[in-house]
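Dear colleague,

Please find below the structure that I am handing over to you. My findings follow directly after it.

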Amino acid sequence: MRFDDDALDEALFALPLAEPPHDLRASIFAATIWREAPAISVPEGIALASIAAALAWIAVLMLPQLGATLANAFSNFAVLSWLSWLGLGAAATIGAAALTEFQPTRASAQAGKTTPGG
C-alpha cells in the first residue's frame, strides 16, 4: 500500500506524541548560556602553570644539594638499618597480599569433569 505525501502527513499528525518536559527550555539554557563560570580563568591558569614551572626549575637546580644530603643521611648505619627493616616489612606485606588476594574463593571440584549429555 502506497501513500502520497498528504496521506503520510495525516498519518504522522495522527500519531500520539509525548509532550516535551515543561523545564526543557530552562535545562537547555542552563547547559548553554546560564552555565556557571569555570573555577579558574585562563590568565589564572597561565599564572599557576608559570609558578609550577618555576618551582620545578628550582627543584631541578637543588638536586645536587639534595643528593648530597641524602648521601649523608644514608651513610649513617642507623638510617640504613631502619630502611632495611621498613623494606623487609613492606615486601612481606606485599608478598602476603599477593598470596592471599588472588586465590579463588572456592576450589572447583568438578573443573575437569564434563556434564552428562554434553
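Does Asp6 count as buried or exposed? Asp6 counts as exposed because its relative accessibility is 52%, where exposed means over 50% relative accessible area, buried under 20% and partly exposed in between (1.4 Å probe, protein chains only).

This is a predicted model, in which local features need pLDDT of at least 70 and side-chain atom pairs count only at pLDDT 80 or more, while totals for chains, interfaces and linings use all residues. Residues are numbered from 1 along each chain as its sequence is written, and side-chain values use heavy atoms, with hydrogens and water left out.

The protein contains five helices and zero strands, in the order α-α-α-α-α from the N terminus. Helices (H or I, at least four residues) and strands (E, at least two) are DSSP runs, numbered from the N terminus. The mean pLDDT, the predictor's confidence in each residue from 0 to 100, is 81 for the protein, and 84% of the residues reach 70 or more. Among the elements, α3 has the highest mean value (93) and α4 the lowest (82).

Of the 118 residues, 0% count as buried. The accessible surface, from the Shrake-Rupley method with a 1.4 Å probe, comes to about 11200 Å², and carbon and sulfur atoms account for 68% of this area.

Two surface patches may be of interest to you. Patches are made of residues with over 30% relative accessible area and no salt bridge, with like charges joined within 9 Å and nonpolar side chains (Val, Leu, Ile, Met, Phe, Trp, Tyr) within 5 Å; a salt bridge is a side-chain nitrogen of Lys or Arg within 4 Å of a carboxyl oxygen of Asp or Glu.

Asp6, located in helix α1 (residues 5–14), belongs to a negative patch together with Asp4, Asp5, Asp9 and Glu10.

A nonpolar patch has about 1000 Å² of accessible area together, and its residues include Trp57, Leu70, Phe74 and Trp82. Helices α3 (42–61), α4 (63–74) and α5 (77–101) each give two or more residues to this patch. Leu70 lies in helix α4 and counts as partly exposed, because its relative accessibility is 42%.

With kind regards

Technical notes:
Lys, Arg positive; Asp, Glu negative; His and termini not counted. Charge placed at Lys NZ, Arg CZ, Asp CG, Glu CD.
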